[in-house]
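Here are my notes for your read-through, point by point. Have the model open alongside.

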Amino acid sequence: MFSFQPIAIFPRSLSFAGLMGLGLLVACGGGGGGSAAPPVGNDSPRTVTGTVTYDFVPASYDVTTHAGGLIFASAVPRPVRNGRVAVMAGSTTLATGNTDASGHYSLTFTPPASGALQVVALASSSTPAIIVQDNTASGAAWGIGATLGSASTQDLHATHGWTGSSYSAASRLAAPFAILDSMYTASQAFMAVRPTVAFPTLSVNWSPNNVPQAGDKTIGQIGTSHFSPAENQIYILGKEGADTDEFDSHVIVHEWAHYFEKNLSRSDNPGGSHSNGDILDPRLAFGEGYGNALAAMLLPESLYVDTSWSSSGTIRAFGFDAEAEPSPTDDAQPSAFSETTVMRLLYDLFDSGANEGFDQTGIGLGVVYDVLTGPEKTTDALTTIGSFIAGLKAQPGVNATAVNTLLAYYQIGPITTQWGDGDSGLQAMYTQVSSVPYGGTVQFDGGFDSNKWQQNQYFVGAGTGGTITVKTTCTQDVDIRVYRSGTLVASALTNSGNETLLFSSQAGVKYVVVITGFGATPGPYSVGIDITSP
Amino acid sequence: MNRVGIALAALLLTLPGCAIAPKKAPAKAALIHKSKAPVTVTTVFGDGKATVTLRFDQAVEDAAIGIRGLDGLQVANVPPVEKTSFAKGEALTLEVSFTPGPGRSHLAVDIEGTFRGQRRMAVQTFAVGHPTAEQMKASEGRILTTPDGQRLKVMPVKPE
């Protein structure tokens, strides 16, 4: 049973300035450490110090035995770093601040003449601004609170709440702080090598009601853990007995990587279902392989682990290693179209590779950041391993020969341009349109999903300065999309194979026309392409 | 055909055709999600019965399938699945009896198996019923709204 104590509410922006001066009376469950004696107002400043921690629960997976799960017996307290903390007296905010790298805080305030005091720690950080909120409670920011008595120390600890067979809802406090810590780790890794990086505010939605069912996100039907580009927010599963991801740091940072792509780099990833072994559209292969590789670099830990519940009520896991390829292999057809290839290639580019003869690169996070926020963001081509490698080779100090050796190990040719020149498969994705009118055909393979290599082809050409018309002729459904440096310029998306699209072009500017097929019947079919400009 | 190199085209010839109907291009904004087992699970609820269909988007070996209830939903008569290998495009339909829990409860379907050499899992839930007022409260803690519309949810810590 809760007792209700006064506590103040923070604005969602959660700036220090916003915290100061807020004066709102709200109810909050009470408890907390320290004496229950009310403070005595004497106009003398008072200082309270303490530490904010949460239970970190390791997720484990053995790639050989496939055993794994959440190891609650190995849970350890970890500091809440850069977390927002405040002392509140009824409706008045008396002091605010942030924890340091060890979770310590120190707040000095002048107590009021009467009324209880509270210390509140939010699952939110300031630098960068990350807020973990409850999507099933209208986006309320998660926090923990404790009554502050006369003691000068008030620690706050967010427990995992696991009782041995299930969670205690009242004690399941660590989840939002674990999510925050994974995001903070990812952010800090880049900030350590590129201190000027400015991350836009990130809202992360977690709730114990977040189920693996698509539907209404406000009641927890989030589908699965994902990044929503339209909302620029991340959603994380939390449903006990089904799938919880708060301690699956790789899952969390993978989604953070998509947030990074959208806000500081670029993604042309068409999305859709995908899995290892698929021959994907190379935009999708890069986006998903990049997400897993970046999580491994930033955490840093090469083993991806994702836990979930089995029908027997136990927590199990699956995973894969960004560094070590298993035997038998999980990447039977390495190429620029395989997300597993992209993952291991990017990770090998990043790490030192001292124990691998084929890996003599170790570009580190700084160069990875420079490529992602530089040439990968501005490429005229689409974002694939081709654009990344071309951008990487343009960085000072990068050994192109060593990069080519690594590419060869993964059966990718020595890429020289953003268009994939040097790798026959990737180069063939782009049909160069040197002049208009242009007429040609492309052969797709029906029966594959529309985000697979078999149903996509890119056409590249320069604008004429006038209107350009693109037409397709096909017995199967086909879509047309036109991009300029990754920005959608025009599209034709009817359910017909005979699409027509017009767009105004700028002379000399590169445009990429993506033709996507939806042929349902297995087997080849042809798509006619005509590009004209008056 | 000018889209691929010879080696890759030859490699593709070794791939079997599949019966999976491609979908219209998904909305780019909605589908950047975590990896999961390539299985599509659907459920149709009837009068005390649920028909669960699993469609394998890739071939799987060592598959294990479970069906259970959450939030008080009770499942009965779950047929045993002795088959552990399924081909790409193959579908498995299971009919179970269930009794809903109070308010909103969930039927959960989980699949684990080896897909192209990688162990993968997936869990999918299916909601039944409408939430009670207690369930609408969402979880422990107090939900509060500031005059400017900002909301905060503070969970009480237990005494040390």
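1. A crossing is left-handed if the near helix is turned anticlockwise from the far one by less than a right angle, and right-handed if clockwise. By that rule, α4(A) passes α5(A) in a right-handed crossing. This is a predicted model, with local features needing pLDDT of at least 70, side-chain atom pairs counting only at pLDDT 80 or more, and totals for chains, interfaces and linings using all residues. Residues are numbered from 1 along each chain as its sequence is written, while chains are lettered from A and ligands numbered from 1 in the order in which they are written.

2. Now chain B. β4-β7-β8 is the order of an open sheet of 3 strands, paired antiparallel (pairing takes at least two DSSP bridges; strands are DSSP E runs of at least two residues, helices H or I runs of at least four, numbered from the N terminus). β4 (61-70) and β8 (118-128) of chain B sit at the edges with a single partner each, so one side of each has no neighbour in the sheet.

3. β4(B) and β7 (residues 105-115) of chain B share 8 bridges in the antiparallel sense. Gly69(B) is found opposite Leu107(B) in β7(B).
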